[in-house]
Number of protein chains: 2
Amino acid sequence: MKATVYVTIKENVLDPQGTAVQGALHSLGFNEVGKVRIGKYLELQLDTNDKNEAEARIKAMCEKLLANTVVEDYRFELEG
Amino acid sequence: MKATVYVTIKENVLDPQGTAVQGALHSLGFNEVGKVRIGKYLELQLDTNDKNEAEARIKAMCEKLLANTVVEDYRFELEG
C-alpha cells in the first residue's frame with residue numbers, strides 16, 4: 001500500500017521560505033506570482049493491506065514525526 | 001488562479017532525506033514502512049485568468065527555479 005502525505009504550514013503562520021521563493025520569482029520576471037506557500041510531500045510504501053490500520057498508523061507517524069502539528073497541518077491519501 | 005506544484009526526486013536518484021525519515025520511523029516502531037521519498041509541495045497564487053498562459057509560465061518557473069531538472073521531476077495542477 002502506498003501513502004502520500006502532504007505537510008503544509010498553517011494558514012496563519014509565516015512562511016519565510018515561501019516569501020523567499022516569491023521574491024526570487026519576481027526577480028526572474030514572474031511578476032504575476034502572489035502568495036507562495038511551501039510544504040512537504042512524502043511518498044511512503046507500507047507493508048500492509050489493511051486500509052483502516054494503515055490510516056491509523058499514518059496518522060500516528062504524522063503526529064509523532066512527519067508534521068509539527070503546532071505550526072503545520074497534514075493530510076494523506078492511501079492507494080493500492 | 002491557484003497553482004499547486006509537486007517537485008519529486010527522480011526514481012533513480014538517491015534520497016538521503018527519505019532514508020533518514022525511514023530510519024526514524026523504524027526506530028519509533030513503524031516497522032511496516034518501506035521506501036520513503038520526500039519532495040516539495042508548493043502553492044502559488046497567480047494574478048492571471050488565462051489557463052494556457054498560466055501553464056506556460058508555471059512550466060518556465062519550474063524549469064528556471066522551482067525544480068532542479070537534472071535530479072528532480074515536477075508536475076503541477078491549476079485551479080480557479
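## Two chains meeting

**Exercise 1.** Find how much area chain B and chain A bury between them, and which residues of chain B lose the most.

*Solution.* Keep in mind that this is a predicted model. Together, chain B and chain A bury about 2800 Å², with 65% of it on carbon and sulfur atoms. Next, look at chain B: B:F30, B:E32 and B:Y41 lose the most area to chain A, together 24% of what that side buries. Finally, the residues in contact number 32 in chain B and 32 in chain A.

**Exercise 2.** Describe the polar links between chain B and chain A, then say which element gives the largest share of the side of chain B.

*Solution.* Start with the salt bridges: the rule finds two across the interface. B:R57 forms a salt bridge with A:E32, their closest N and O atoms lying 2.6 Å apart. Then count polar contacts, which come to 14 residue pairs between the chains. Now turn to the elements: β2(B) supplies the largest share of the side that touches chain A, 14 residues. By class, that side of chain B has 17 nonpolar, six polar and nine charged residues.

**Exercise 3.** Work out how α2(A) and α1(B) are oriented: roughly parallel or roughly perpendicular?

*Solution.* Helix α2 of chain A (residues 51–66) packs against helix α1 of chain B (residues 16–27) at about 110 degrees, with the axes 11 Å apart. Angles of 65 to 115 degrees count as roughly perpendicular, so α2(A) and α1(B) are roughly perpendicular to each other. The contact is made by A:M61, A:L65 and A:L66 on α2(A), and by B:V21, B:A24 and B:L25 on α1(B). By class, this contact has six nonpolar, no polar and no charged residues.

Technical notes:
Residues numbered from 1 in each chain as written. Chains lettered and ligands numbered in written order. Predicted model: local features only at pLDDT ≥ 70, side-chain atom pairs only at ≥ 80, totals over all residues. Heavy atoms only, no water. Axes fitted to C-alpha atoms, helices over the stretch in contact; angles between N-to-C directions. Helix = DSSP H or I, 4+ residues; strand = E, 2+ residues; numbered from the N terminus. Parallel < 35°, antiparallel > 145°, perpendicular 65-115°, else oblique. Contact = heavy atoms within 4.5 Å. Nonpolar A, V, L, I, M, F, W, Y, C, P; charged D, E, K, R; others polar. Buried area = accessible area lost by both parts, 1.4 Å probe. Salt bridge = Lys/Arg side-chain N within 4 Å of Asp/Glu carboxyl O. Polar contact = N/O pair within 3.5 Å; in protein donor to acceptor, adjacent residues only side chain to side chain.
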